[in-house]
Structure formats: structure tokens, C-alpha cells
Amino acid sequence: MATKPTNNPELLKLRDEIDGIDAEIQRLINARAECAQRVAEVKLEARKSGLEDAVFYRPEREAQVLQRVMARNSGPLDNEDMAKLFREIMSACLALEKPVEVAYLGPEGTFTQQAAMKHFGQWAKTKPLLAIDEVFREVEAGAVNYGVVPVENSTEGVVNHTLDTFLNSNLKICGEVELRIHQHLMIGKNTQQKAISRVYSHQQSLAQCRKWLDAHMPHVERIAVNSNAEAAKRVHSEWNAAAIAGEMAAELYDLDIIHQKIEDRPDNSTRFLIIGQQYVQPSGNDKTSLIVSMRNGPGVLFNLLEAFSKHSIDMTRLETRPSPSGSWAYVFFIDFKGHLEEEHVQKAMLEVRERAVEVKVLGSYPMAVL
Ligand SMILES: C=C(O[C@@H]1C=C(C(=O)O)C=C[C@H]1O)C(=O)O
């Protein structure tokens, strides 16, 4: 149905007002972009005179910008939506300096791709790779600036492969991203719904939807594949199968979502790490990650934890993994709030180093803002 051009004077007046505001927003965004271009010149100048490296992407500065946007926001748009808009403005501004290149655990359409876009914005140049260690290698070789890998899920726990890869890598953690994970059941255009005899997904996603599958598809075979995107790709060409994956995969492979949000826990979320070669300055709201090896013996873990508690350090995660040295020895992956440049953190670190056999700092980085 064709709509008639409006002649409602109130509406026309409001649209005039919006046009004026849009022109002003556009002028201001370009003024901001010009500033970012000048920032790039200053950074390149500093590099020429040997003062510092020209690091274009500054995670701590971006985190501060987003935090300020949220703190001063008075609505009616909510804080998160407003910060998302600024995320994209910054991404476009940074691309004028130099587009950031990011490898992620692919293929295209995975939640990791979604996490990469959430963290770096739409202007980042992204490259899917098929294994976590390939993402590490690509960043180590300098072929891309950063990598994005999953590290833990609130329902299914830690991604061991990511933690283990850090044991033999010199890469730093430069940031973290948290993503609400919504799993959807999807089918292809030729799928006959009544004939569905198997459902494909990544093993973690199948586990996150276990109860829903038990209740709604108890007799359907569950087949674990390498990624959700791979599951979606298969379903695209099979008439008797469904996939569990995210929205991006459904869009990419042109599938129809027949049941939304089938994850068993409504707060299901995954944390991803940004890995790179960069030392990140304090943002004021940071986290630090370490790998600590201890000698086996009574009270060892207590001793380690006591060093943190003595300096009132808020530990956010402790994971135990078998040590690469074998023989039932373990290493601890520890995350805590604070930056290595803060005094109380330095004091605690001195004590941890005294008590541990080896301490490897994976980095201090801004806590996820969005
Ligand atoms: C403009 C800068 O460079 C980049 C772009 C930013 C922005 O658009 O606000 C912020 C940090 C950097 O990633 C800067 O370092 O201030």
C-alpha cells in the first residue's frame, strides 16, 4: 500500500527539526574524524623522532571514551545503545588513521566474529581462521594486529585450548569482550520440518541447549561439528537436518530461525580475549591475567591466594591446568581486577613472585565496557 505524503503540520515541523539535528551531528562527526586524523599525524611524527612506536589503536583510550559516553548519558536512548553508536563512530575514525586488522576463530558467522565486531566495530578488517592456534600464529607473525579467541562460557566453562596455547606464546592480552549468546534452531529453505532427524552444532552449543533438546527433540540425533557456522552451512543443503547457531550464521547461509533463544540459561554468555603484541596503558578500570606455576605441596594454593587477599585484590577467576612439564604438576591461570602499574598490584606481585616457581604476565587490559 502506497503511503500519502504527510501534510500534518506537527509532523512536518518535527521532521524539519530532525533534518537540522542530523546536519549538525554529521558536521560534528566529521570534526571528530579530522581530530582523529591529526592524532595519526602526531603519532607518526613521534615515531619518526624515535619517541615512541606509532600505535594507532589504543584500547585503554577507547574504553575510557565509551565509559564517559555511558556515564554522561541522560536518555532517552539507553547507555548501552548510545555506547554502541560511539563504538562505530570510533571504529570509522580509527579506520581513517589506519584500519585495524583482526584475525578471529572462524569460519565466518561464528560468535567469535560477532565478538570481534562488537569490540572493534564494523570498520575493522577481519580475517577468519579455522583454529585457535592459527589465530595466535597469525598475530605472532605480525600478519594481523590482533586476534580474537573465546576463553570461557558461563554455562559450559573454560575453553581449555585457548588457555593451553598461552603457555607457549609470548602474546599479550590486550582486551576482553563479553557476548550474550543466544542460540537459535534454524533450517534451510528445502528442509522438511517433520522429517528432521539430526541437528548439527558445535559441541559447546549443543551442551548449552541440552535441556531444550531433551524436551523438544528427544529422538533427533545431535551431531557435533567444528563450529556453529559449519553447522549452518551443512543445513543449507540438507532437507532433513537443523542447526543450532547464532543470528549471523542464519543470515550468512540464508536459513530460517524456527525457534529463538533455545539456550537453557537466559544469562548464557561467552568471554573472548583480544590478543596482540601491545603493552596496554591503564584505563582506570582494568584487569590483569597471569599464569603461575607453584611447587606441589601442602598449603601451596592457600599461600598463593593469601598474597592477593593481603593486598585486597579482587580475584575474578582461577583456573587450574596440567603443567606442560607433566608429572601431575599444575599451573594456575589467574585474573584479578587492577593494572600492573597500580601500587597495590605491584606489592601483591612481588609476593606472588616470591612464593611461585614461575610467573608469566599475560597482560593488563581494560575490562569489557559493553
Ligand atoms: C584518536 C585516537 O586513536 C584511536 C581512535 C580513537 C577515537 O576515535 O576516539 C581512540 C583511540 C584510538 O584507538 C587516539 O589515540 O586518541
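**Entry 1: Thr191.** I looked up the contacts of Thr191 (heavy atoms within 4.5 Å) and found, leaving aside its neighbours within four places in sequence, Ile196, Val235, Glu238, Trp239 and Ala241. I note that this is a predicted model, in which local features need pLDDT of at least 70, side-chain atom pairs count only at pLDDT 80 or more, and totals for chains, interfaces and linings use all residues. Residues are numbered from 1 along each chain as its sequence is written, and side-chain values use heavy atoms, with hydrogens and water left out.

I located Thr191 in the loop between strand 6 (184–187) and strand 7 (198–202); helices (H or I, at least four residues) and strands (E, at least two) are DSSP runs, numbered from the N terminus. Thr191 has 11% relative accessibility and therefore counts as buried (under 20% relative accessible area; exposed is over 50%, partly exposed in between, with a 1.4 Å probe and protein chains only). A polar atom of the Thr191 side chain lies 2.8 Å from the backbone nitrogen of Gly188. From Arg47, Thr191 is 144 residues apart in sequence and 58 Å apart in space, C-alpha to C-alpha.

**Entry 2: Met186.** I next turned to Met186, which is in strand 6. Its relative accessible area is 0%, so Met186 is buried. Leaving aside neighbours within four places in sequence, I found Met186 in contact with a set of residues including Val235, Ala242, Leu255 and Ile257. Met186 and Ile257 are 71 residues apart in sequence, yet 4.2 Å apart in space, C-alpha to C-alpha.

**Entry 3: helices 1 and 3.** I recorded that the axes of helix 1 (residues 9–48) and helix 3 (residues 79–97) come within 8 Å and cross at roughly 40 degrees. Axes are lines fitted to C-alpha atoms, for helices over the stretch in contact, and angles run from 0 to 180 degrees between N-to-C directions. The two helices are therefore oblique to each other; angles under 35 degrees count as roughly parallel, over 145 as roughly antiparallel, 65 to 115 as roughly perpendicular and the rest as oblique. Among the residues that meet are Ile29, Ala33 and Lys43 in helix 1 and Ile89, Cys93 and Glu97 in helix 3.

**Entry 4: helices 3 and 4.** I found helix 3 and helix 4 (residues 111–120) packed at an angle of about 80 degrees, with their axes 8 Å apart. Helix 3 and helix 4 are therefore roughly perpendicular to each other. Arg87, Glu88 and Ser91 in helix 3 meet Met117, Lys118, His119 and Phe120 in helix 4.

How values were computed. Polar contact = N/O pair within 3.5 Å; in protein donor to acceptor, adjacent residues only side chain to side chain.
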